[in-house]
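This report considers one part of a protein fold, beginning with a single strand pairing and then widening to its surroundings.

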Amino acid sequence: MPKPERRRTSGGTGAGGAATNVAKTTEDWFVDRAKETGLDFVHFNGMSGELYYPEIMAPGVALFDYDNDGDLDVYVVQGQMLRHEAPRPGRYPPTGPLKDRLFRNDLVVQEDGKRILHFTDVTEQSRIDIQSYGMGVATGDFNNDGCIDIYRTGLSGGRLLRNNCDGTFTDVTKQSGAEDRGGWGVSAAFVDYDRDGWLDLFVGNYLIYSLEGDIHCLSVTGQRDYCPPNSYRAQPSRLYHNRRNGTFEDVTAKALVGGAYGPALGVSTADFNGDGWIDIYVGNDGEPNQLLDQSAQRARSRTRRRWLARPSTAPATPRRAWALTPATSTTTATRTSSSPTGCRR
Ligand SMILES: [Ca+2]
Ligand SMILES: [Ca+2]
Ligand SMILES: [Ca+2]
Ligand SMILES: [Ca+2]
């Protein structure tokens, strides 16, 4: 990789008041090599002129080593037409089949140390065939077989793809119980919240929305425009507990004290307070972010664990069952939702 050149200044403001000239950076720090390395993918948002709200949501992507060969492979999420059966011709027409894609990393390191990066589209041979309007993706080995699995969120619920450890995946959504039925999931994270060595699953849901109930909004100039997120009611997120047998139990009602309300766009997990228990940070769209930790309830009960927000200095929010900890920064919720796997004990 070429060594980045720091921005230099020349000239300066001298006694004569000479102008300061800033030399341009001569080399780019990052170079887009997607196409030349085989990552040939164009996201299609289904834009039809109807200005449906989901069209403005950018897709997620995951980097994970699905074949355990030591390099990161790529999973990308695709959109669909909304309502219309056939894609309409437009400025950004879809290319190829509208389905999620998996790219295998075929990196070659030569004897002289030269690296040749190439990705191969292995969607067909992986047996991944998802053709619904997608949002995000999280990866983690939920069944502890040593192979990383996929949870893909979307406009109409989630999909769990079990890695068969032979280059193929099986859709186990229904039998797993982690369907996020009726949910518009955007972000998700595998997280072992109870430290039993099995990854549980948090699904960040966004808004209560249907194409039939799509609201028409106007811009400041009176023209039809996309609506802001507060045009719709937020949707509760979900927490699933791993039963260790390939299935999940929806523990949202008892663990999240009535549900974590979004509109959740991003989620990350870490032990923020250093108490040994992993916490969940949720980035919401247009509303305060949430930092969920389980310390308070865990101190009261070892058998019934609930997630509570940290004490807040903000006024209580009556319609919610917990207080919010205001974020110290603006919402940085990425609409991508590749997420770290949970901590292990
Ligand atoms: Ca790999
Ligand atoms: Ca697995
Ligand atoms: Ca667990
Ligand atoms: Ca913690």
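## The pairing of E9 and E10

Strands E9 and E10, the latter spanning residues 149-154, pair in the antiparallel sense over 5 bridges, where strands (E, at least two residues) and helices (H or I, at least four) are DSSP runs numbered from the N terminus, and two strands pair if DSSP finds at least two bridges between them. Within this pairing, glycine 140 has aspartate 149 of E10 as its bridge partner.

The model is a predicted one, in which local features need pLDDT of at least 70 and side-chain atom pairs count only at pLDDT 80 or more, while totals for chains, interfaces and linings use all residues. Residues are numbered from 1 along each chain as its sequence is written, and chains are lettered from A and ligands numbered from 1 in the order in which they are written.

## The four-stranded sheet

E9 and E10 belong to an open sheet of 4 strands with the order E9-E10-E11-E12 and antiparallel pairing. Strand E9 (134-140) and strand E12 (169-171) stand at its edges, each with a single partner strand, so one side of each lacks a neighbour in the sheet.

E10 and E11 run antiparallel and are joined by 3 bridges, with arginine 152 partnered by arginine 159 of E11; in their hairpin, which has 4 residues between the strands, glycine 157 takes a positive phi near 90°. E11 and E12 are likewise antiparallel with 3 bridges, and they form a hairpin with 5 residues between them, in whose turn cysteine 165 has a positive phi of about 65°.

## Strand E11 and leucine 161

Because 5 of the 5 residues of E11 are buried, this strand is largely enclosed by the rest of the structure; a residue is buried if 20 or more other C-beta atoms, placed from the backbone, lie within 10 Å of its own. Both faces are covered, with Arg159, Leu161 and Asn163 buried on one side and Leu160 and Arg162 buried on the other.

Leucine 161 lies in E11 (residues 159-163) and is buried, with 25 other C-beta atoms within 10 Å. Its bridge partner in E12 is aspartate 171. The C-alpha atoms of leucine 161 and isoleucine 150 are separated by 5.0 Å, although these residues are 11 apart along the chain. Leaving aside neighbours within four places in sequence, leucine 161 is in contact (C-beta atoms, placed from the backbone, within 7 Å) with Ile128, Asp149, Ile150, Arg152, Phe169 and Asp171.

Key:
Buried ≥ 20, exposed ≤ 12 C-beta atoms within 10 Å, placed from the backbone. Contact = placed C-beta atoms within 7 Å.
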